[in-house]
Protein chains: 2
Amino acid sequence: MLKPPEHQVAGHQAREGQLGPLVDGSGRFYKPLQSDSRGEHEAAFYSSFSSDPRVPSHVRRFFPGFHGTQLLPASDGSGERPHLVLDDIFSSLLRPSVIDLKIGACTWPPNSPDNYLMKCLRKDLETTSLTLGFRISGLRVNTASGFYNPDKNQVKSYTSSSDVKRVLKKFVSSNPDSSSDPDCAFAAVVYGGSEGLLAQLLELKAWFEDQTLYHFYSVSVLVGYARDEVGKTRPLVKLVDFAHVVEGDGVIDHNFLGGLCSLIKFISEILIDPDEKFSSGCCLEESKRTPQLGIENGGLDE
Amino acid sequence: MLKPPEHQVAGHQAREGQLGPLVDGSGRFYKPLQSDSRGEHEAAFYSSFSSDPRVPSHVRRFFPGFHGTQLLPASDGSGERPHLVLDDIFSSLLRPSVIDLKIGACTWPPNSPDNYLMKCLRKDLETTSLTLGFRISGLRVNTASGFYNPDKNQVKSYTSSSDVKRVLKKFVSSNPDSSSDPDCAFAAVVYGGSEGLLAQLLELKAWFEDQTLYHFYSVSVLVGYARDEVGKTRPLVKLVDFAHVVEGDGVIDHNFLGGLCSLIKFISEILIDPDEKFSSGCCLEESKRTPQLGIENGGLDE
């Protein structure tokens, strides 16, 4: 009855011998607790967040509903294991297009041990996290002929702002798998409008300018859309993956907020001018870094 | 005729044997070009920025006016050296109170060499840069009995959000040198109002949400205030120190923007509730990092 979720675009996928999340097909998503402290930490976050009266209800809708933990047979065949019981956020949408965006220039909390910090930093340097304030972790786009679903190596190759802009255009195009320019056919209905992704991200931004409860390190914003039964396009924004959330301690989450503003700017530009040719046009010297961490410091390879 | 500026609160101060900036007492500030590439890089920034038509004039007022470079006798007695000729930003204010805030969780540009990256990262971890998105580099506050002017070691001890909030309160208090609570006597006239620091920072923020021209790594926001001839308090915001600015490449400066939003939140809270007792009140486990970089990795000591 339990099966791997169709719309998972990043992270470990459940299969024989591999631990991953499961769905029951009737609206619940079961995420296995990782055996190190991350699983417990994420459960503690959900438990704290879901009962925190300081979180406004219009913000709560950006988070999956939490229904405790439950012992279930793990997908890797290793026997029973505690799982977080969450809402299956895309279960109401048929064949949704989904993109997973890991937000924040810095993906490690300030209290991280050195080896974890260096591992994350290296990845932040290799991807667009440090330059753009977010990176694409995965995507799939519904097309007439199936799903456009770049594999991990393709996703790894998104290392420039123009790569990322192109993917954000493909995400709302009818020709994502074509080598010609993305047509942005759905940009207006998905990104634009009062219920579109931009409006939702701006609402989230307003909360992040003010909230000092949590700092959301290494959290993903999942954005998705699909047509409902009556043919109306339904855009959806959800935050997921809270294993590295820490207390806000009276300070706003400037790291998440900065990355969110950067994403908002990308989407705004696509809405304003879908056919824009990317132009940098500045006057300081060109500078491109070849990431070297792990060479000079040694022993930091995965 | 040239002398060290009175209101300098961070960085190397000009004196015999030490290179530092000079003022002429009639509105000009002379900053010696550092002999490595930083000096030239900062000159290139000023030159590019000051002639860039894409920078709106209401934003330009937050930057010192630039008047080219000039050969001048260096303060360290080493002979003639090129200096940036800038407006002496506080010359119109008598006995200004000044605070130097280095903005951004990350003070190194993504194209930095590893050794520079690690040196900056260590400092970002030791200070409040990573946790708060900015750090205090120095301050002086005008009092009835002279200046309250914490030395470098005191400034280094500002490692928590409550330390920083207390300093931002002292900055607008008549009793900054007292061990009792800062009275925030000038909070309303300095931080508040249509010409106050908060209003100015919000104007700057609006530009940073949109501008993709430059990324301002390791740039300081200097905020100052003093009474003018008719007794009116004049608050002033200026950005300084552009040796590590890089091209924006079509992306917003999410790192600066995040830190700026964090500073804005601190100041808003002081305005709303100057007597507030700091309360964290969250539910996740307490976590305080002891910075260790440089121990495990070796050879990174200054």
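**Figure 1. Helices from both chains line the largest cavity of this predicted model.** Helix H3 (114-126) and helix H9 (254-272) of chain A, together with helix H3 (114-126) and helix H9 (254-272) of chain B, each supply at least two residues of the lining. Helices here are DSSP runs of H or I with at least four residues, strands are runs of E with at least two, and both are numbered from the N terminus. H9(A) gives the most, with four residues. In total 19 residues line the cavity, and A:Ala105, A:Cys106, B:Ala105, B:Cys106 and B:Asn255 lie nearest its centre. The space inside comes to about 210 Å³, and a search of the whole structure finds one cavity of 30 Å³ or more. A cavity is a set of points, on a 1 Å grid over the protein atoms alone, where a 1.4 Å probe fits but cannot get out; lining residues have an atom within 4 Å of a point. Grid points are joined across faces, edges and corners, and the volume is the space filled by probe spheres set on the points.

As a reading note, this is a predicted model in which local features need pLDDT of at least 70 and side-chain atom pairs count only at pLDDT 80 or more, while totals for chains, interfaces and linings use all residues. Residues are numbered from 1 along each chain as its sequence is written, chains are lettered from A and ligands numbered from 1 in the order in which they are written, and side-chain values use heavy atoms, leaving out hydrogens and water.

**Figure 2. Strand S5 (residues 97-103) of chain A is mostly covered.** Seven of its seven residues are buried, meaning under 20% relative accessible area (1.4 Å probe, protein chains only). A:Ser97, A:Ile99, A:Leu101 and A:Ile103 point one way from the strand, and A:Val98, A:Asp100 and A:Lys102 point the other way. S5(A) runs antiparallel to strand S9 (residues 220-227) of chain A, joined by six bridges, with A:Lys102 opposite A:Ser220. Six bridges also pair S5(A) with strand S6 (residues 134-143) of chain A in the antiparallel sense, and here A:Val98 faces A:Arg140. Two strands pair if DSSP finds at least two bridges between them.

**Figure 3. An open antiparallel sheet of four strands in chain A.** The strand order is S1-S2-S4-S3. Strand S1 (22-23) and strand S3 (66-73) stand at the edges with a single partner strand each, so one side of each is left without a neighbour in the sheet. Five bridges link strand S2 (residues 28-32) to strand S4 (residues 80-87), and A:Lys31 stands opposite A:Leu84.

**Figure 4. B:His83 in strand S4 (residues 80-87) of chain B.** B:His83 counts as buried because its relative accessibility is 0%. A polar atom of the B:His83 side chain lies 2.8 Å from the backbone oxygen of B:Arg81. Not counting residues up to four places away in sequence, B:His83 touches residues including B:Tyr30, B:Lys31, B:Gln70 and B:Leu72; contact means heavy atoms within 4.5 Å.

**Figure 5. B:Leu168 in helix H6 (residues 161-170) of chain B.** With 1% relative accessibility, B:Leu168 counts as buried. Leaving aside neighbours within four places in sequence, B:Leu168 is in contact with B:Ile99, B:Leu101, B:Tyr191, B:Leu263, B:Phe266 and B:Ile270. The C-alpha atoms of B:Leu168 and B:Ala187, 19 residues apart along the chain, are separated by 9.5 Å.

Key
Buried means under 20% relative accessible area, exposed over 50%, partly exposed in between (1.4 Å probe, protein chains only). A polar contact is a pair of N or O atoms within 3.5 Å; within protein, one must be able to donate a hydrogen and the other to accept it, and residues adjacent in sequence count only if both atoms are side-chain atoms. On a 1 Å grid over the protein atoms alone, a cavity is a set of points where a 1.4 Å probe fits but cannot get out, and a pocket is an open set with protein on both sides within 12 Å along at least five of seven lines; lining residues have an atom within 4 Å of a point.
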